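The following exercises concern the structure shown below. Each task is followed by a solution worked in steps.

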Amino acid sequence: MGLRAAISRIYRGEISADIVGKPKIWYSISGFLLVLSIAGLLVQGLNIGVEFKGGSVFTFKASGHSIEDVRGAVTGGGAHQAIVQKAGGDWRVTTESLSSTQVTEVKKSVTQRLDVPESKVSTQVVGASWGGEIQKKAWQALVVFMILIIGYLSVAFEWRMALAAVVALVHDLVITAGVYAWSGFEVTPATLLGFLTILGYSLYDAVVVFDMIKEVTKPLTAASRTTYSEAANQALSSTLVRSLNTSLVAILPVGAILFIGTTLFGAGTLKDLSLALFVGMIIGTYSSLCVATPLLVQLKEREPKYKQIRANIARREHSAKRQAKAAKVTRATGSSDEEDDDDDDDGAEDVKASVTVRKVVQQGPRQQPKRGSRQQRRGK
């Protein structure tokens with residue numbers, strides 16, 4: 001059966017995928033992505049937007065010029081750090097914080113080199129204190145969100161499910177941040193909104209799967225013939241198609257905003273938000289199914305109740321194998337005895353067959369006593 005046929009059967013619910021039974025594969029993939037993301041954060045670093053670190057922003061229209069021309073015009077006015085971005089038909093240049101005199105010099109340089117009227121060059125100065133305040137509020141929102149999530153999952157389910165969900169959330173945040181680092185996209189307040197949104201999507205999938213696992217594993221007892229891992233994998237398979245459909249429906253419009261809106265319509269602000277959502281939804285769906293659930297199963301399998309179930313199943317399987325082996329030996333021994341009897345019969349037949357029967361024919365006159373004539377016998 002080909003890969004395409006197997007995926008189609010899984011999607012239709014005809015067969016179940018053994019996701020829980022192969023945690024090493026998923027942990028290896030996640031480990032590779034995490035290492036790559038952390039390397040991007042350390043080597044490339046995040047391109048922090050002017051809203052967080054402060055600076056000056058120049059926006060103008062200058063058709064027929066390249067990025068190097070625009071950067072040269074801005075740095076020629078006295079700016080040292082110029083980040084040039086194209087947003088539709090407008091150029092957006094971010095620099096370090098400049099004084100009012102330096103801003104005027106940059107506008108004059110742009111007017112002279114790019115033939116742009118000075119009145120058409122808009123400027124915006126953002127203070128570093130305002131950006132620091134936004135960053136502080138963002139961290140506070142993230143911490144409060146994590147606390148609420150841990151509390152809700154611990155009350156609604158249990159602490160093991162809460163731990164698995166939080167690990168998946170951190171996994172999603174680090175990988176999404178690594179994608180931002182390698183891509184060079186600017187981190188703006190819209191990016192933070194996207195980060196908080198993807199946490200909700202990742203949590204939604206995890207809660208759906210955990211609720212099904214809780215329902216399926218509740219009837220398990222010491223006499224059950226199904227382990228916790230097998231029951232959890234069955235629950236995951238029953239919700240797999242639902243999770244994939246939900247994520248696909250959510251990813252398609254976000255992908256349209258990211259790849260069509262930013263390239264054709266130049267929606268620069270939406271680009272920061274859509275990238276976080278696009279990457280986060282994909283990683284969030286993956287982590288809910290392939291990271292959070294296997295981690296939960298490993299934590300639950302350490303409980304004495306589920307250890308006992310596994311031990312009982314293993315004992316019954318061992319007993320069944322031993323009985324099957326004994327029955328096989330018995331059948332083999334019985335066959336040997338029958339073969340020996342057959343060999344004995346065959347040997348007797350061989351002996352009989354080896355005896356040569358010869359017919360002895362008498363030669364010459366027969367030597368028998370004379371009986372006399374009939375009259376002599378009557379006379380007696």
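**Exercise 1. Determine which residues Ala276 contacts and how accessible Ala276 is.**

Solution. Contact means heavy atoms within 4.5 Å. Once its neighbours within four places in sequence are set aside, Ala276 is in contact with Thr176, Tyr180, Thr191, Gly194, Phe195 and Ile198. Ala276 belongs to helix α10; helices (H or I, at least four residues) and strands (E, at least two) are DSSP runs, numbered from the N terminus. Ala276 is buried, its relative accessible area being 0%. Buried means under 20% relative accessible area, exposed over 50%, and partly exposed in between (1.4 Å probe, protein chains only). Finally, the C-alpha atoms of Ala276 and Leu173 are separated by 9.5 Å, although these residues are 103 apart along the chain.

The model is predicted: local features need pLDDT of at least 70, side-chain atom pairs count only at pLDDT 80 or more, and totals for chains, interfaces and linings use all residues. Residues are numbered from 1 along each chain as its sequence is written, and side-chain values use heavy atoms, with hydrogens and water left out.

**Exercise 2. Describe the largest nonpolar core and identify which element gives the largest share.**

Solution. A nonpolar core is a set of buried Ala, Val, Leu, Ile, Met, Phe, Trp, Tyr and Cys residues joined through side-chain atoms within 4.5 Å. The largest such core has 60 residues, of which Ile19, Leu153, Phe210, Ile213, Tyr228 and Leu296 touch the most other members. Two or more residues come from each of α6 (128-156), α7 (159-183), α8 (189-217), α9 (228-264), α10 (268-300) and α11 (304-354). Helix α10 gives the largest share of this core, 16 residues. To see one member in detail, take Ile213: beyond its neighbours within four places in sequence, Ile213 is in contact with Tyr228, Ala232, Ala235, Thr293 and Leu296. A second, separate core holds 18 residues, including Leu98, Val103, Leu114 and Val116. In soluble globular proteins, nonpolar side chains tend to be buried together.

**Exercise 3. Characterise the largest pocket by volume, lining and residue class.**

Solution. On a 1 Å grid over the protein atoms alone, a pocket is an open set of points where a 1.4 Å probe fits, with protein on both sides within 12 Å along at least five of seven lines; lining residues have an atom within 4 Å of a point. Grid points are joined across faces, edges and corners, and the volume is the space filled by probe spheres set on the points. The largest pocket contains about 590 Å³ of space. Of its 20 lining residues, Leu46, Trp139, Leu142, Leu192 and Phe195 are the closest to its centre. Helices α6, α7 and α8 each give two or more residues to the lining, and α8 supplies the largest share, 6 residues. By class, the lining has 18 nonpolar, 2 polar and no charged residues, where Ala, Val, Leu, Ile, Met, Phe, Trp, Tyr, Cys and Pro count as nonpolar, Asp, Glu, Lys and Arg as charged, and the others, Gly among them, as polar.

**Exercise 4. Examine the surroundings of Thr95 and Gly54.**

Solution. Thr95 is in strand β4 (residues 90-95) and, at 4% relative accessibility, counts as buried. Its contacts, with neighbours within four places in sequence left aside, are Gly54, Gly55, Ser56, Phe58, Val74, Ala79, Gln81 and Ala82. Gly54 sits in the loop between α3 (50-53) and β2 (55-60) and is buried at 6% relative accessibility.
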